[in-house]
There are 8 protein chains.
Amino acid sequence: MVSSVAKPVVGILMGSKSDLDVMKEASEALEGFGVACEMRVISAHRSPKLLDEYLSSARGRGISVIIAGAGGAAHLAGVVASHTTLPVIGVPVESKSLKGLDSLLSTIQMPPGVPVATVGINAAKNAGILAVHMLALSDASLAKKLDAYRADMAEKIRATKI
Amino acid sequence: MVSSVAKPVVGILMGSKSDLDVMKEASEALEGFGVACEMRVISAHRSPKLLDEYLSSARGRGISVIIAGAGGAAHLAGVVASHTTLPVIGVPVESKSLKGLDSLLSTIQMPPGVPVATVGINAAKNAGILAVHMLALSDASLAKKLDAYRADMAEKIRATKI
Amino acid sequence: MVSSVAKPVVGILMGSKSDLDVMKEASEALEGFGVACEMRVISAHRSPKLLDEYLSSARGRGISVIIAGAGGAAHLAGVVASHTTLPVIGVPVESKSLKGLDSLLSTIQMPPGVPVATVGINAAKNAGILAVHMLALSDASLAKKLDAYRADMAEKIRATKI
Amino acid sequence: MVSSVAKPVVGILMGSKSDLDVMKEASEALEGFGVACEMRVISAHRSPKLLDEYLSSARGRGISVIIAGAGGAAHLAGVVASHTTLPVIGVPVESKSLKGLDSLLSTIQMPPGVPVATVGINAAKNAGILAVHMLALSDASLAKKLDAYRADMAEKIRATKI
Amino acid sequence: MVSSVAKPVVGILMGSKSDLDVMKEASEALEGFGVACEMRVISAHRSPKLLDEYLSSARGRGISVIIAGAGGAAHLAGVVASHTTLPVIGVPVESKSLKGLDSLLSTIQMPPGVPVATVGINAAKNAGILAVHMLALSDASLAKKLDAYRADMAEKIRATKI
Amino acid sequence: MVSSVAKPVVGILMGSKSDLDVMKEASEALEGFGVACEMRVISAHRSPKLLDEYLSSARGRGISVIIAGAGGAAHLAGVVASHTTLPVIGVPVESKSLKGLDSLLSTIQMPPGVPVATVGINAAKNAGILAVHMLALSDASLAKKLDAYRADMAEKIRATKI
Amino acid sequence: MVSSVAKPVVGILMGSKSDLDVMKEASEALEGFGVACEMRVISAHRSPKLLDEYLSSARGRGISVIIAGAGGAAHLAGVVASHTTLPVIGVPVESKSLKGLDSLLSTIQMPPGVPVATVGINAAKNAGILAVHMLALSDASLAKKLDAYRADMAEKIRATKI
Amino acid sequence: MVSSVAKPVVGILMGSKSDLDVMKEASEALEGFGVACEMRVISAHRSPKLLDEYLSSARGRGISVIIAGAGGAAHLAGVVASHTTLPVIGVPVESKSLKGLDSLLSTIQMPPGVPVATVGINAAKNAGILAVHMLALSDASLAKKLDAYRADMAEKIRATKI
């Protein structure tokens with residue numbers, strides 16, 4: 001796992017370093033497809049200026065998709081989406097008391113006009129793969145890799161012994 | 001109901017004009033105590049710059065407390081709280097499908113360091129009265145009015161015939 | 001609203017004709033951006049062969065993104081996602097008794113490897129706009145239209161009088 | 001516990017090997033009644049072709065009832081039910097964050113025409129016994145065994161000392 | 001709709017006459033397949049003796065499957081299941097305040113040993129069809145009818161115009 | 001803790017021996033007030049005849065109040081209430097997956113005419129004390145003990161040092 | 001319906017006059033058994049002194065059981081229970097947004113030592129009948145009436161035609 | 001952590017000593033800002049007189065804000081709010097079975113006229129900081145400290161390495 005690479009195309013943001021255990025599965029999934037990414041801890045509530053700085057430079061630096069993970073009143077993905085027109089994928093991180101139901105609803109129930117592509121609770125791996133699906137729209141080699149990934153997944157299940 | 005007055009001390013923000021029916025109960029409550037307020041439609045997601053503008057001038061214009069109401073992924077109060085150190089009161093507005101449970105959790109489950117004083121679903125009236133309680137900390141006449149308000153409320157219940 | 005056009009790039013599927021009132025907001029959003037789409041009633045449970053037929057030809061016919069809406073045990077988006085590597089956007093349609101909580105969880109809680117980009121309950125409009133965000137990754141004119149759309153949205157809120 | 005026998009009449013499917021600890025209680029219950037069964041890991045989302053293959057041969061091989069267990073967006077039982085007219089029993093497997101509420105709703109809230117006989121969360125034992133109840137409709141010896149099972153259960157409770 | 005026929009093979013019980021609007025869809029579904037049924041209002045809580053009488057004679061009168069629908073603390077299906085080894089299908093009827101979540105959990109979360117085959121909230125039609133699936137295990141003509149029913153359902157969806 | 005005494009006035013029933021850790025708090029509370037009780041494992045679903053036997057003799061043996069605890073589809077209290085006009089107190093026992101929400105709703109949402117006096121999840125101690133409140137209606141010495149219990153409880157809190 | 005009688009033995013309290021439509025079913029149930037009762041609007045939050053006054057005189061005036069109904073943060077029954085050792089029956093009144101789930105949890109989840117005998121949401125009728133069950137412990141004529149009530153209820157169900 | 005100081009301006013109440021681990025984060029937060037506070041265990045239900053005593057002297061002793069934390073049927077904050085016009089901040093303490101959902105709803109869904117400024121589940125730290133926000137309305141040095149606190153928080157996030 002690396003938090004930055006020379007030319008990242010996916011930015012992975014998280015509201016707190018405690019989300020790293022969950023969110024690093026997004027970077028691992030992207031790396032599995034050879035998609036460069038960077039990871040940053042940026043809080044919508046506690047470091048709003050840092051978020052502005054990040055978003056004002058992201059597209060120019062080549063970022064195409066942003067993945068944002070947060071827990072509780074998980075505003076990060078929504079606030080990111082309100083500041084950029086890049087596709088934003090939201091990862092509701094499991095919270096201590098309410099087990100991520102708060103994170104899920106805070107991430108997905110966005111108002112008309114500002115969508116967040118939300119994945120399941122703690123499903124950072126799927127967020128990474130969803131980013132690959134989006135990038136594969138204009139990258140035939142990624143599309144091929146997705147086909148191979150699916151075939152491999154099916155093969156593993158077929159080979160499962162119980 | 002007036003949306004602006006000469007010298008408002010409470011700012012009432014709402015994410016959409018459709019929240020007005022709920023949120024005007026906050027302004028009515030404040031007016032009942034003679035506390036000047038202003039109301040604005042400002043969306044955290046759809047008009048983030050307008051929100052910045054509002055918050056950068058609010059304290060200077062004499063605003064002491066901000067009440068923010070929104071529904072669904074209700075980020076407004078939290079985003080306001082992240083940009084000001086004035087006390088922020090959040091009103092979770094009832095949403096269509098989930099009846100405000102999403103609004104409530106999105107408003108109240110804030111991360112450590114950035115609190116939102118949350119009231120019940122659609123409880124804009126209580127938001128207005130809570131602002132009065134806060135202002136009464138340094139305004140003895142308001143404190144007296146609160147005593148009278150309570151006494152009146154109790155008297156009305158005592159007089160209820162069934 | 002038209003259910004088919006000459007060269008659609010987004011396919012909108014729904015589990016039942018009763019979902020049309022919700023799902024047509026996706027086609028309207030896409031049309032607002034000049035993105036051609038087609039709409040089909042296809043049930044994962046009641047017409048699985050029809051779904052196979054649709055998916056086996058979709059990419060070849062130029063479909064780039066699939067939006068799938070269903071209610072209750074809303075399997076449609078997930079089953080579509082399991083048969084294609086095009087990005088799949090899921091719309092949980094509000095159900096009668098549980099108000100879409102069942103639809104939401106059935107759509108979003110996908111297993112690792114097969115993501116569905118889920119939007120809020122009944123948020124078909126946002127599904128359409130999310131498809132535009134994805135397509136804009138490789139279409140600069142769409143990216144410009146999204147900027148204009150955001151600016152227009154913010155302007156409307158700024159102009160709201162209460 | 002055996003995963004296959006010469007002439008199985010009940011097929012037990014599960015979406016992931018991690019469901020085995022729960023699902024083997026179904027096979028143990030069936031074995032207690034002398035009903036032969038087989039167990040397979042087949043994912044509706046990750047190995048759809050394997051599922052097609054299994055279902056196209058099941059009835060011909062003598063399978064009379066299918067038990068399907070999955071967690072999260074638990075589509076397995078519903079997808080099985082859409083491809084066969086054998087009775088399908090769904091076991092919502094407890095999920096990590098939402099404790100099986102997602103699995104339960106995804107399994108049970110099927111559209112009209114395609115029922116899944118759902119049992120409680122993680123209630124694979126009851127799924128096995130329910131299959132016996134169904135098979136006992138045309139097998140008098142199984143019906144007798146069910147009577148004995150009930151009597152034994154009642155006797156054990158009567159003998160409980162506290 | 002008829003509440004009784006000469007030789008019923010499915011018994012449909014409901015806790016209150018107010019459940020009839022929901023539960024008659026079970027009898028209609030059965031009639032569509034030519035399966036004779038009878039309907040009775042019997043409350044587990046308010047008429048326990050009547051329930052005993054019904055169950056003691058049911059099997060002898062040719063009843064093979066019992067469908068039981070109730071709302072709130074919906075004990076009917078479970079209590080029926082505790083008194084018979086015929087397969088019992090539970091229909092959680094939507095309740096006024098909690099919209100059937102109480103009915104669903106009260107019906108499905110049965111203890112080990114006494115399963116209730118539960119269908120979705122208000123899904124009495126599916127309860128009827130599930131009974132047909134069970135009966136078709138030993139009735140080839142019913143199995144054929146189910147195939148035709150499925151084909152017809154798929155055809156209707158294929159023919160849907162939007 | 002004793003499970004039986006010479007002349008019990010409260011009967012404590014539980015659906016499974018695994019409920020004993022929770023339910024013994026009821027007997028301990030009763031013993032604290034000098035109220036004799038007996039405890040029995042009786043399942044509404046798995047030993048319905050044993051339940052009939054118990055209830056047919058309870059009043060005659062001097063039982064005045066019945067406390068019933070169960071988890072999941074917790075029908076025990078309701079079924080007891082349907083067979084006796086003694087006051088029935090229900091204890092929803094915490095269940096594994098749904099943490100007692102199922103037990104709570106299954107116990108409390110009784111139909112009109114057959115009430116169960118329900119206490120909180122796992123609140124067997126309060127069930128015991130509630131029985132004392134009921135018995136104290138016609139037993140002045142118990143009423144006095146309740147006053148002393150309350151005074152003692154308040155005193156302990158007053159003395160708490162932190 | 002009368003709100004007061006010469007010598008009431010049951011006091012029915014409600015937090016707001018808007019609860020009357022629900023709560024009068026308690027008084028009607030009591031009247032059906034010839035049990036005198038009185039009804040009062042008293043709010044735990046808005047008229048705490050009135051509540052103190054009521055409770056300090058209740059036992060002396062012959063009140064034996066108190067029924068308390070409230071919605072939302074429904075503290076009334078709990079606060080009443082903390083001030084008296086008479087048995088307290090809580091009626092969670094359905095609230096507008098959360099449909100009484102808040103009322104139910106606020107009423108039933110009492111701390112150890114201070115139980116509230118809670119009935120279902122809006123189940124004021126059952127609260128009245130539960131009070132009769134309690135009073136019947138020392139009133140044989142009431143016990144007889146309960147037997148007759150049950151028999152009548154069963155008879156009505158037996159006579160139901162569908 | 002100290003439970004009392006010479007001249008406290010914030011009173012921190014909790015329903016049980018078991019809430020101390022959570023609630024001491026409020027006192028620690030206040031101490032971080034140099035705001036004196038005192039902590040008391042006082043139960044709304046088990047020691048109502050002690051609560052009356054505390055509240056009748058609080059304002060006179062210089063208390064300006066009261067923070068109240070409780071779990072389950074968490075009435076403490078609401079009962080405090082009904083007896084004082086000082087601002088009351090409620091902390092829903094996580095409960096064992098329902099994880100604080102009961103505590104949250106019991107604290108926040110107050111009736112019109114008696115607001116409780118509620119923070120997230122177990123968010124006692126935020127309760128302390130919210131009290132500082134309120135006090136800062138009339139204390140410029142506290143306002144400055146809040147600015148510094150925010151800047152420090154943002155700086156720490158900016159410096160986070162992953």
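**View 1. Area buried between chain E and chain F.** About 1,800 Å² is buried between chain E and chain F, with 66% of it on carbon and sulfur atoms. Three residues, H45(E), H75(E) and Q109(E), account for 28% of the area that chain E buries against chain F, more than any other three residues. The model shown here and in the other views is predicted.

**View 2. Contacts across the interface of chains E and F.** On chain E, 21 residues are in contact with 21 residues of chain F. Seven residue pairs between the two chains are in polar contact, both residues being at pLDDT 80 or more. The number of salt bridges between chain E and chain F is zero.

**View 3. The side of chain E that touches chain F.** Two helices, α3 (76-83) and α4 (101-108) of chain E, each supply at least two residues of this side. The most comes from α3(E), which gives four residues. Sorted by class, the side of chain E that touches chain F holds 11 nonpolar, eight polar and two charged residues.

**View 4. The axis relating chain E and chain F.** Chain E is superposed on chain F by a rotation of 180 degrees with 0.0 Å of shift along the axis, at an RMSD of 0.0 Å. This is the relation of a two-fold axis. Both copies use the same surface, and 100% of the contact residues of chain E recur in chain F. The residue of chain E that comes closest to the rotation axis is S106(E), with its C-alpha at 2.4 Å.

Methods:
Residues are numbered from 1 along each chain as its sequence is written. Chains are lettered from A and ligands numbered from 1 in the order in which they are written. This is a predicted model: local features need pLDDT of at least 70, side-chain atom pairs count only at pLDDT 80 or more; totals for chains, interfaces and linings use all residues. Side-chain values use heavy atoms; hydrogens and water are left out. Copies are superposed by least squares on the C-alpha atoms of residues with pLDDT of at least 70 in both. Contact means heavy atoms within 4.5 Å. Buried area is the accessible area (1.4 Å probe) that two parts lose on being put together, summed over both. A salt bridge is a side-chain nitrogen of Lys or Arg within 4 Å of a carboxyl oxygen of Asp or Glu. A polar contact is a pair of N or O atoms within 3.5 Å; within protein, one must be able to donate a hydrogen and the other to accept it, and residues adjacent in sequence count only if both atoms are side-chain atoms. Ala, Val, Leu, Ile, Met, Phe, Trp, Tyr, Cys and Pro count as nonpolar, Asp, Glu, Lys and Arg as charged, and the others, Gly among them, as polar.
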